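Hello,

Here is the structure I promised to pass on to you.

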Amino acid sequence: MCKSGRLDAMAEALCNSASPVILYILSEVNNPGLAAKAKKVIHPVKTDDPDAVAKIVREINPDFVLIGPEEPLAAGVVDQLRKLGIPCVGPTQKLAQLETSKSFTRELLTKHGIPGNPKYRVFRALEGIEDYLRTMDSFVVKPDGLTGGKGVKVFGEHLHSVAEAVRYCTEIFESKQPAVVIEEKLDGEEFSFQSFFDGKHIVHTIPVQDHKRARNGDTGPNTGGMGSYSCPDHLLPFLTRDHVQQAGEINRLVGEAVSREIGEEYKGILYGGFMLTKDGLRVIEYNARFGDPEVMNVLPLMQADFVEVWKAIIDGTLDKLDVRFKRQATVCKYVVPKAYPQKSNGDEEIKLGAAMKVPGLGDRLRMYYAAIRASEGKLYLTGSRAVAFVGIANTLFEAEKIAEEAASLVEGPVFHRSDIGTAELIQKRVDHMRRIMGEPGRERAVG
Ligand code: AMP
């Protein structure tokens, strides 16, 4: 159950299993990628309606259900399916608070002594907010609940005074959010680290860096993610092995703490959003599912059977599996409609023919369909991120060239970020980190 390019990537990994997979997809959209992989695509389904989902799933009676995005987790779809005795990969509604409540997660880390919190305070009413803001040089204001990535406002970028911040907090409470989290504004480089967790055991994937801004050079509005990369050494150009180990350890501690706190085993993906700062690693957020696009950097490199991984999560036997990742680089680039991240009406035709002729489709290049609709042999945009290309190669810069060539061959009213994974942008990240650390010469050779 999912949507967007993340679904196509998960469907591909399931279909590549050695087990005979009969795949049913419940989705808000259909596209040629899904139609080619599934026995049946059931759509449109409101995947955040537990009763509607349960009715359909009861008829299919699958061995298990894999939940892709956050909305069904937030709505309690897992809880409902569990009542039917159908196992799910994905946390119950209470456990999913890790993603659906920022105050829950900050307080979980504090209570269980897990490192990574910035200086923060949770407010459940306006009282005291102004005084607290005046104690901070720089701050970030976060609504407690899900806002589709659009609720966080950063001082200096979206907010320019304490008065403006207080006005924003008033708006947040008026929109019925239960709390506001105010945090110190951190400076550093962000990365995502996704782990599988079965309630007791953890298996880590590899670190990935996403690009949130719409335009080249990290300009333009924030988006759901324009693309991402990973490196053959399973580090990032600004991260050491130590940092990655620390991120993994924080994911493990968080998985254990949330399971203890709620009294249920967390079974699914732990997605830690981290920032490396001059004072070390900080936790920016947790997600209770794979990232989109970050899943696309991880699954094509995974040298384990995806179905076996899901079974192990359900059975609590992840410790028995040997999950490795190919030592290759990946660069993912999303091709999006011209108006993105503004929702457009869609329905404009795009042509992928030339992009699909780039040599190596399958091995060196993966293509994942997202917000695309097929009709009478033609493809149409449906208004959001349309199609993702993932280059896979021995070096980052080779992987970038493969993804770039394919993305630039898409014909239609679209754009993509041509700078993701390039030497220039990577160097900018490394220089940023070096400036923050005040240490010249920390960078490693990249690629
Ligand atoms: P979140 O929804 O918590 O992931 O926040 C969205 C984005 O806001 C992050 O990806 C960061 O770029 C930025 N952000 C969140 N928290 C902080 C912070 N404490 N300091 C600086 N930037 C932040």
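Asparagine 61 is exposed, with a relative accessible area of 57% (exposed means over 50%, buried under 20% and partly exposed in between, with a 1.4 Å probe and protein chains only). Asparagine 61 is in the loop between helix 3 and strand 3 (65-66), where helices (H or I, at least four residues) and strands (E, at least two) are DSSP runs numbered from the N terminus. The phi of asparagine 61 is near 50°, which is positive although the residue is not glycine. Histidine 234 also has a positive phi, near 60°, but histidine 234 counts as buried at 12% relative accessibility. Its place is the loop between strand 13 (227-230) and helix 10 (241-262).

Before you go further, please note that this is a predicted model, in which local features need pLDDT of at least 70, side-chain atom pairs count only at pLDDT 80 or more, and totals for chains, interfaces and linings use all residues. Residues are numbered from 1 along each chain as its sequence is written, and side-chain values use heavy atoms, with hydrogens and water left out.

There are cis peptide bonds to look at as well. One joins histidine 43 and proline 44, with omega about -10°, and proline 44 is in the loop between strand 2 (40-42) and helix 3 (50-60). Another runs from tyrosine 340 to proline 341, with omega near 10°; proline 341 is in the loop between strand 16 (329-337) and strand 17 (349-350). As background, most residues other than glycine have a negative phi, and most peptide bonds are trans.

Now to the ligand. The residues around it are Lys102, Val140, Lys142, Val152, Glu183, Glu184, Lys185, Leu186, Glu190, Ile284 and Glu285, each with a heavy atom within 4 Å of the ligand. By class, this shell has four nonpolar, no polar and seven charged residues (Ala, Val, Leu, Ile, Met, Phe, Trp, Tyr, Cys and Pro count as nonpolar, Asp, Glu, Lys and Arg as charged, and the others, Gly among them, as polar). A ligand oxygen atom is 2.5 Å from a side-chain N or O atom of glutamate 190, and a ligand nitrogen atom is 2.8 Å from a polar backbone atom of leucine 186. These are polar contacts, meaning pairs of N or O atoms within 3.5 Å; within protein, one must be able to donate a hydrogen and the other to accept it, and residues adjacent in sequence count only if both atoms are side-chain atoms.

The whole structure has eight aromatic pairs (rings of Phe, Tyr and Trp, the last by its six-membered ring, with centres within 6.5 Å; planes under 30 degrees apart count as stacked, over 60 as edge-to-face and the rest as tilted). One of them is the stacked pair of phenylalanine 191 and phenylalanine 274, at 5.5 Å centre to centre and 20° between the planes. This pair links strand 9 (residues 189-197) with strand 14 (residues 268-277), and its two residues are 83 residues apart. Phenylalanine 191 is buried, at 3% relative accessible area, and phenylalanine 274 is buried at 0%. Phenylalanine 274 also pairs with tyrosine 286: the ring centres are 6.4 Å apart and the planes are at 80°, so this pair is edge-to-face.

Best wishes
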